[in-house]
Amino acid sequence: MSNVENDAEPLRCGALVEGDRPAGAPRVDVLSAREVPLGGPRAMRVRRTLPQRERTLIGAWCFADHYGPHQVAVSGGMDLPPHPHTGLQTVSWLFSGELEHRDTLGTRALIRPGEMNLMTGGYGIAHSEVSTPDTTVVHGVQLWVALPEEHRDTARDFQHYVPELARVDGAEIRVFLGSLGGRTTPVRTFTPLLGAEIVIEPHMTLTLAVDVAFEHGLLVDGGDIRLIDTVLRPAELGYVPRGADTLTMVNETDAPARAILLGGPPFEEEIVMWWNFIGRSHEDIVKAREDWEASSDRFGAIEDFPGGRLPAPALPNAVITPRRNPPTHRPTDPTY
């Protein structure tokens, strides 16, 4: 998926949830989504929860778009022509619908509900994502993972993985990255990561053991879910800092509730994010844009795509500065 915002600066800030919290319970910060167009002002709109001004990453997860359910007859569905990526991996996960992915490795693959497509941009790749003709509703998430410095120029790659469905304690879990609930995926990543879809039955409680070294984010798709002591509503993302060894989720509604659980150890490197590129400096971004606009071999070409490429927007009239998360601890804050 492409980040097509012309102005990504007015970011919504995460809100620290105040109120009573049991002694020793982890805090939960609530990150609200902002709505942005995908491909232009008349295109399908998505809800973006990462990055935000006060929360750039959760582990190495650096970008989270949540979209749908969109009626293709009304929204036009997803229609993203070839566009570039550097310094990251993309994770595509659908709840409904079907997309066709093409990339400059020569990959031509479908994205279906319950199946993960993971693409590694590294030094440079280009891809397209388009709703298939039989798709009537598109609904899912698009996620990005920042590559660490030692691997950010790695070779382009593509992996497809179908996780096994696990049923436990009134919930269904599909682990598409990392380990959770006794399930471990074989998918290659460059930092430790957790990614899972969780569906909780009405009024059921689910407690999961998690890695104490990870920070976590729970992105709610449908229903109201109480994460530890904080209710998260659809399109909200609850952030839990590292230190928690379990996460308890309660579905507070009369219908199944669905969420995406993300996690990883804090990503300590500063990154520069602009458009579809991740680098470490303004100069990295300028070079990547120049290479894309010049149709450089750095990104390759999708020869059989029926249409043109997505042009890069103009660079801002300022130096693009690095982003990193705020300090983990704020001792002066009485809620810590």
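How many salt bridges does a search of the whole structure find? The search finds 23 of them, where a salt bridge is a side-chain nitrogen of Lys or Arg within 4 Å of a carboxyl oxygen of Asp or Glu. Side chains of opposite charge can pair when their charged atoms come close. The structure is a predicted model, in which local features need pLDDT of at least 70 and side-chain atom pairs count only at pLDDT 80 or more, while totals for chains, interfaces and linings use all residues. Residues are numbered from 1 along each chain as its sequence is written, and side-chain values use heavy atoms, with hydrogens and water left out.

Three of these pairs can be looked at one by one. In the pair of arginine 102 and glutamate 100, the closest N and O atoms are 3.0 Å apart. Arginine 102 is buried (under 20% relative accessible area; exposed is over 50%, and partly exposed lies in between, with a 1.4 Å probe and protein chains only), because its relative accessibility is 9%. Glutamate 100 also counts as buried, at 19%.

Glutamate 115 and arginine 112 form a salt bridge as well, with 4.0 Å from N to O. Here glutamate 115 is buried at 16% relative accessibility, whereas arginine 112, at 35%, is partly exposed.

A further salt bridge links glutamate 172 to arginine 167, with 3.4 Å between the closest N and O atoms. Glutamate 172 is partly exposed at 25% relative accessibility, and arginine 167 is exposed at 63%. Elsewhere, salt bridges with shared partners connect Glu149, Arg152, Glu269, Arg280 and Asp284 in one network.
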